[in-house]
Amino acid sequence: MEQNTTDLALIQKVLNGETDQYALLVKRHQRFVFTLALRFLKNREDAEEVAQDCFVKAYKALGTFKQTAKFSTWLYTITYTTAMTFLRKNRLDTTSIDDESAVLQLENQTSAFSANGYEKQDSHAFLNMAITQLLPDDAAIITLFYKGEQSLEEIGETLHMEPNTIKVKLHRARQRLKEKLQYLLKDEVKELL
Amino acid sequence: MNTIEQQLWDYIDGKLNESSKKAIEEKIESNAGIKAQYEELRELNSAFNALDLDEPSMSFTRNVMESIVLAPAPVAMKTKVDKKIIYGIGGFFVLSLLSLLGYVIYNSALSMPKFGFNTNLNFRVDQYITPTVLYSFLFFDLVVGLVFLDLFLRKKVAQK
């Protein structure tokens, strides 16, 4: 709540002409916006471009932001819309990881990974790898729920879905993430977790 | 979809009401399989909570600030809307309603009854209730209603 209040105070300052204060808002939210963009785009360069574009759009539309809502939810909505527009424009391949080609890619990646000796990696690295292998929507929901401190209603607002749909999707996303983790870690998943 | 796993996740997320919470707690206590599943999901939940956020490039903030430097400074919507425009629109509607009311009354051919001491108390009321009179009455009500709504909204704004 304090963070939210501070966001609103910073926004007020920007609206009052102290535009340099916007840099503080950017610094505060850049990691999350970038991560969210990366979940959709699966490419660091594109994610950085989209994340920067989000902050520019948010700045231009800051006057229309209803200060009764959380700034983060509003910003994540912009991120989702911008990432989707970028995907549509660039016609990136965002097909399901369950597709045959994607499975092949995953298998190759795992075997290469095994050859390097995954026992040296910690569980965080495996988790981050597993989440990149999820569908964009699943990865975004997991990220918003666990790292964005967003409620189901707020995630629904961000992704333009009903809270009940988000609840079902979150459940499936967790199951898929668990499967990916187990696939990556095989029998060592329990030990590492 | 209300599998035991879903119920366990809801329990971990704290989304269950008191009765459902007690029911799932009893299941966890009484069933070793469910308890093991619960422990596994709890550990997964802790692991998911520890997920890392990715870091953008070092120049991220600078790039954003350079991109917005030429953009016009954002202004709150409240200050963007000129009050004169609001008053102009309001005035236009009030004038329109009053003109309409005047036109209706002018065309209703109202005539005042002759004043006399021989007051006939047995007059028929229904002869005065014509559609024109009704419309005029409704228009008048509408104008009064709008005036009161305006006063109410002004008070509400002033309270803020």
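Chain A of this predicted model has a mean pLDDT of 80, with 77% of its residues at 70 or more; pLDDT is the predictor's confidence in each residue, on a scale from 0 to 100. Within chain A, helix α5 (residues 100–116) has the lowest confidence, a mean of 38, while α3(A) has the highest, at 95. A contact here means two residues whose C-beta atoms, placed from the backbone, lie within 7 Å. Helices (H or I, at least four residues) and strands (E, at least two) are DSSP runs, numbered from the N terminus.

A word on bookkeeping: residues are numbered from 1 along each chain as its sequence is written, and chains are lettered from A, with ligands numbered from 1, in the order in which they are written. As the model is predicted, local features need pLDDT of at least 70 and side-chain atom pairs count only at pLDDT 80 or more, whereas totals for chains, interfaces and linings use all residues.

Now for α3(A). The 17 residues of this helix should span 24 Å at 1.5 Å a residue, and its end C-alpha atoms do sit 24 Å apart, so the two agree; the expected span is 1.5 Å times one less than the number of residues. Buried residues in α3(A) include A:A47, A:V50, A:C54, A:F55 and A:Y59. Buried means that 20 or more other C-beta atoms lie within 10 Å of a residue's own, exposed means 12 or fewer, and partly exposed is in between, with C-beta atoms placed from the backbone. The cover over these buried residues includes α2 and α4 (71–90) of chain A, along with α4 (60–68) of chain B.

Elsewhere in chain A, α7(A) and α9(A) pack at about 100°, their axes 9 Å apart. That angle makes the two helices roughly perpendicular, a label for angles of 65 to 115 degrees (under 35 is roughly parallel, over 145 roughly antiparallel, and the rest oblique). Axes are lines fitted to C-alpha atoms, for helices over the stretch in contact, and angles run from 0 to 180 degrees between N-to-C directions. Residues of α7(A) including A:I141 and A:F145 meet residues of α9(A), among them A:L170 and A:R176. This contact has seven nonpolar, no polar and five charged residues. Ala, Val, Leu, Ile, Met, Phe, Trp, Tyr, Cys and Pro count as nonpolar, Asp, Glu, Lys and Arg as charged, and the others, Gly among them, as polar.

Two loop residues in chain A are also worth a look. A:K42, in the loop between α2 and α3, has a positive phi of about 60° despite not being a glycine; with 16 other C-beta atoms within 10 Å, A:K42 is partly exposed. A:H160, in the loop between α8 (152–159) and α9, has a positive phi of about 55° and is not a glycine either. A:H160 is exposed, with 10 other C-beta atoms within 10 Å.

Chain B has seven helices and zero strands. Buried residues make up 8% of its 160 residues. B:Y135 belongs to helix α7 (residues 131–159) of chain B and counts as partly exposed, with 15 C-beta neighbours inside 10 Å.

Where the chains meet, chain A gives 37 residues and chain B gives 30. On the chain A side, α2(A) gives the most, with 10 residues. That side has 19 nonpolar, 11 polar and seven charged residues.
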